[in-house]
Amino acid sequence: MLKALLLAAWLVSLPTRDDLAARATAIKPTAKELTWLAIPWVLDLAEAQKVARAEKRPILVWATGDDPLERC
Amino acid sequence: MPAAVNLYKARKATNGSRELFLSIQRQKDQYQGIWIVSPEGKVLAGIHDYKDFKNGAHELLGTIDAGLQAFGPVDRRRAEPTNPLPHRGAGVRDDGSVMLALYGRQMPGGGRETLPAGVEAGRAWLWDGTYSPDGPTMIDTASLSADEWAAFSPAGAEVGVAWSVPEKVARVFTRLLSASSDQSGMPLPEDARVADLRAKVEAVEGGKARIRLAGRWEMVHAIEGNKDRLTYGAATAEGVAVYDVSGKSMRSFLLVFDGTIRHGKPDGSPVRTGAVAEWRAP
C-alpha cells in the first residue's frame, strides 16, 4: 500500500508527455529551419562528380570536419 | 549538384573522392566550407569566412551566383526532396543500432522557479522572461549499438520495475551539455564527471510499457584540448520512452535536457541550455 502511494505521489510530480513534447518543441528547430535537410544531398564526392558530369552542371561541395548532415 | 561530405572521410576515400577533394582545397585554400566546382573539378567560387554572420545567407548566395556565372548557362535542376539519413531519429538499422536525433540550444528565461541548484542569486535574472531560444540550434546525431539501445528496454513489464542505464551509455549524452555546434566545443563522453541516467516503468497499458527516464550530468571540457579554455556544464534530463512488451521493441524515445554552461571558470556567468534526444519507430 505504501509503495503504491509513493509511486502515485512520484508520478503526480513528473512532467507529462505533453509537457515534455512542448519543451522539446521550444528547443528544436522549426520545420522551416530544417528545410535544407530535404535538399537531395549526395554524401560521396566521387558520386557527386559522376552525376554532375552526366547532368553537365557544377557541384556545390559542402565539406566540414564532421558529417554535415549529422552534426552542424 | 549538392554534395555534403565529411572532409576527413573524403581525404581517406579510395574511389576518387580523395584526389578531387585535395585538388579543390589546393585551388581554393580553406579548411572547410562551400566550394562551387565544375564537373571537371575546377573551383569556380568558394566561401569559408563570413564577413557578417547575420547576413551569412546572402554572402553564401553571392558565392553560389558567382560560381554559376563562371560556369555558364545551366538548366534548372528538378530534384525531389530526399532523406539521405532515413535512420536519423527513426527506425532500427540492419545491425540493430539506432541513430538518435539530437538538438541543443541556448534557452534563457523560463522563470526563477526553474532556477537550478548552484546558480547564484545575483544571476537569477538570467532566468527571467519566457523560456525561448537564443541563437541557432546545434543539430547532432548519436549512434547507439544494439546492446546500448537494449539498455533502455525493461527486464520486466511491471509497473515499478526500475534500473540504471549503464554509465557508458549515459555518457553518450554528455555532448548535449553544450549548444556549441563546433566540434572543438563538443563535450566528449570522457568529459563527464557525473553521467547518471535511470529508468522506471510507470504504466503498462494496451501491451505497451511507458518508461520514465531521469538523469543528471556534469562535465568539464577543454576546448581543443586547451586546459586554459575550459567549459563547465551541468544538466538534468527528463523523458519518456514507450516499449512494445509483446514485440519486445522500443516504439518511441524522448529525453529533454535542462542545463547550464559556464565558460572559463566554474563560477562564470551561467548560460541556460536546453537539449533534446529523440527517436521513434517507423
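In this predicted model, L45(A), A46(A) and Q49(A) of helix α3(A) meet S17(B), L20(B) and F21(B) of helix α2(B). By class, this contact of α3(A) with α2(B) comprises four nonpolar and two polar residues, with no charged residues. Two packed helices are described by the angle between their axes and the distance between the axes. Here, the axes of α3 (residues 45–55) of chain A and α2 (residues 17–27) of chain B come within 8 Å and cross at roughly 85 degrees. Angles of 65 to 115 degrees count as roughly perpendicular, and α3(A) and α2(B) are therefore roughly perpendicular to each other.

The contact between them takes 45 residues from chain A and 60 residues from chain B. On the side of chain B that touches chain A, strand β1 (residues 2–6) of chain B gives the most, with five residues. By class, that side of chain B has 35 nonpolar, 16 polar and nine charged residues.

Strand pairing also links the chains. Strand β1 (residues 59–64) of chain A pairs with strand β2 (residues 33–37) of chain B in the antiparallel sense, over five bridges. Within this pairing, I59(A) has V37(B) of β2(B) as its bridge partner.

Chain B also contains an open sheet of eight strands, in the order β5-β4-β11-β10-β9-β8-β7-β6, with antiparallel pairing. Strands β5 (138–144) and β6 (162–165) of chain B stand at the edges; each has a single partner strand, so one side of each is left without a neighbour in the sheet. From one strand to the next, the twist averages 20 degrees. One pairing within the sheet may be followed in detail: strand β4 (residues 98–106) of chain B and strand β11 (residues 271–280) of chain B run antiparallel and are joined by six bridges. The bridge partner of R105(B) in β11(B) is G274(B).

The nonpolar cores complete the picture. The largest has 49 residues, and those with the most contacts inside it are L102(B), I211(B), W217(B), A241(B), L255(B), V256(B) and V276(B). Neighbours within four places in sequence aside, A241(B) is in contact with F152(B), I211(B), L213(B), M250(B), S252(B) and F253(B). A second, separate core of 25 residues includes A4(B), F21(B), I36(B) and L44(B). Of these, F21(B) is also one of the α2(B) residues that meet α3(A).

How values were computed:
Residues are numbered from 1 along each chain as its sequence is written. Chains are lettered from A and ligands numbered from 1 in the order in which they are written. This is a predicted model: local features need pLDDT of at least 70, side-chain atom pairs count only at pLDDT 80 or more; totals for chains, interfaces and linings use all residues. Axes are lines fitted to C-alpha atoms, for helices over the stretch in contact, and angles run from 0 to 180 degrees between N-to-C directions. Helices (H or I, at least four residues) and strands (E, at least two) are DSSP runs, numbered from the N terminus. Angles under 35 degrees count as roughly parallel, over 145 as roughly antiparallel, 65 to 115 as roughly perpendicular and the rest as oblique. Two residues are in contact if their C-beta atoms, placed from the backbone, lie within 7 Å. Ala, Val, Leu, Ile, Met, Phe, Trp, Tyr, Cys and Pro count as nonpolar, Asp, Glu, Lys and Arg as charged, and the others, Gly among them, as polar. A nonpolar core is a set of buried Ala, Val, Leu, Ile, Met, Phe, Trp, Tyr and Cys residues joined through C-beta atoms within 7 Å. A residue is buried if 20 or more other C-beta atoms lie within 10 Å of its own, exposed if 12 or fewer, and partly exposed in between; C-beta atoms are placed from the backbone. Two strands pair if DSSP finds at least two bridges between them.
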